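Thanks for coming. I will go through one model this morning, starting with the overall picture and then moving to the helix packing and a few single residues.

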Amino acid sequence: MTIRVLLVDDQPLLRTGFRFILEAEPDVTVVGEAGDGAVAMEQSRALLPDVVLMDIRMPGTDGIEATRRIVREAAPSAHVPKVLVLTTFDLDEYIVEALRAGASGFLLKDVPPDELVQAIRVVAAGDAIVAPSVTRRLLDKFATRLPSAHPQATPARVDRLTERELEVLRLIAKGMSNAEIAAELVVSETTVKTHVGNVLTKLGLRDRVQAVVLAYETGLIVPGAFS
C-alpha cells in the first residue's frame with residue numbers, strides 16, 4: 001500500500017525538499033502541502049492522508065493546535081491520520097505538548113533522509129517514534145518547565161503495573177527499543193513486547209510516546225537522571 005503524506009511547514013523550500021525525498025520512494029506519495037495549521041486541518045479532512053508531517057512554529061494556528069484538532073476530529077472515524085512532528089529542538093520548547101495533543105512521534109528537521117522515510121513508515125504502520133538521543137536531550141532539558149494544557153489531569157494508575165512492567169516503562173522512557181530492553185533485562189524481545197502491551201493497556205495509553213511523557217509527568221523518570 002502507498003503511504004499518503006501531507007506536508008505542513010511554513011517554509012516552501014523545506015516542503016519542496018521533503019517532497020523530493022519522499023516521492024523518490026515507491027511506497028510514499030505526497031498528497032498535499034500546507035503552510036499553516038488551519039490549512040493543514042482543511043487538507044487533512046479533504047485528502048485523508050495516512051501521515052501528516054507537521055511543523056510546530058507556524059503563523060496563525062500552530063502545529064500543536066493543528067495536531068490536537070486533526071487527531072480529535074478524526075478519532076470517531078475509521079481513518080485517523082498519524083501526526084509526525086518536526087522540531088528544530090533549540091527553538092521548540094513545546095514538543096511534549098504536541099505529544100499530549102496526539103502526535104505519534106517527533107523528529108529533528110535535520111534528520112537524515114533515510115531516517116525520515118523510515119519514521120513515516122513506522123508511524124503509518126501504527127507505531128510511534130521516540131528517537132532515544134532526542135528524547136533524552138529534549139525531556140531532560142524541558143520536562144520540568146513545560147506548560148500543560150491540563151495541569152490537573154487525572155493521575156496515571158501506575159499502581160496497576162507489576163514491578164517488571166514498571167521497570168519496562170522506565171526503560172521505554174529512557175528511549176530504549178524493545179531489543180535494547182530485552183538485552184537489559186535478559187529476556188526475549190517477544191516477552192518485552194508483551195510487557196509493553198500490558199503497560200499501554202493498563203495505563204490507557206495509545207503508544208510509546210505517551211508512555212514517555214507519562215513517565216516524566218508521574219516522576220518515574222527524573223530529568224537529568226541519565227545521560
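First, the ground rules. This is a predicted model, in which local features need pLDDT of at least 70 and side-chain atom pairs count only at pLDDT 80 or more, while totals for chains, interfaces and linings use all residues. Residues are numbered from 1 along each chain as its sequence is written, and side-chain values use heavy atoms, with hydrogens and water left out.

The protein chain has ten helices and six strands. Those are DSSP runs numbered from the N terminus, with helices being H or I of at least four residues and strands being E of at least two. Of the 227 residues, 45% count as buried. Buried is under 20% relative accessible area, exposed is over 50%, and partly exposed is in between, with a 1.4 Å probe and protein chains only. Of the contacts between residues at least 6 apart in sequence, 68% join residues at least 24 apart; contact means heavy atoms within 4.5 Å.

Now the cores. A nonpolar core here is a set of buried Ala, Val, Leu, Ile, Met, Phe, Trp, Tyr and Cys residues joined through side-chain atoms within 4.5 Å. The largest one has 25 residues, and Val 8, Val 52, Met 54, Val 83, Val 85 and Leu 99 have the most contacts inside it. At least two residues each come from strands S1 (3-8), S3 (51-55) and S4 (82-87), and from helices H2 (37-47), H3 (63-74), H4 (95-100) and H10 (208-217). There is a second, separate core of 24 residues, with Leu 185, Val 196, Leu 200 and Tyr 216 among them.

H10 itself is mostly covered, with eight of its ten residues buried. Just after H10, Gly 219 takes a positive phi of about 85°.

Next, helix packing. How do H7 and H8 pack? Helix H7 (residues 163-173) and helix H8 (residues 178-185) pack at about 130°, with axes 10 Å apart. Axes are lines fitted to C-alpha atoms, for helices over the stretch in contact, and angles run from 0 to 180 degrees between N-to-C directions. H7 and H8 are therefore oblique to each other. On the cut-offs, under 35 degrees is roughly parallel, over 145 roughly antiparallel, 65 to 115 roughly perpendicular, and the rest oblique.

H8 also meets helix H9 (residues 189-203), where the axes come within 8 Å and cross at roughly 110°. That makes H8 roughly perpendicular to H9. H8 contributes Asn 178, Ala 179, Ile 181 and Ala 182 to the contact, and H9 contributes Glu 189, Val 192, Lys 193 and Val 196.

Last, two single positions. Is Thr 67 buried or exposed? Thr 67, in helix H3, is buried, with a relative accessible area of 0%. Leaving aside neighbours within four places in sequence, Thr 67 is in contact with Met 54, Val 83, Val 85, Ala 98, Ala 101, Gly 102 and Ala 103.

Ala 124 lies in helix H5 (residues 113-124) and is partly exposed, at a relative accessible area of 31%. With neighbours within four places again left aside, Ala 124 is in contact with Ile 3 and Val 51. Ala 124 and Val 51 are 73 residues apart in sequence and 6.1 Å apart in space, C-alpha to C-alpha.
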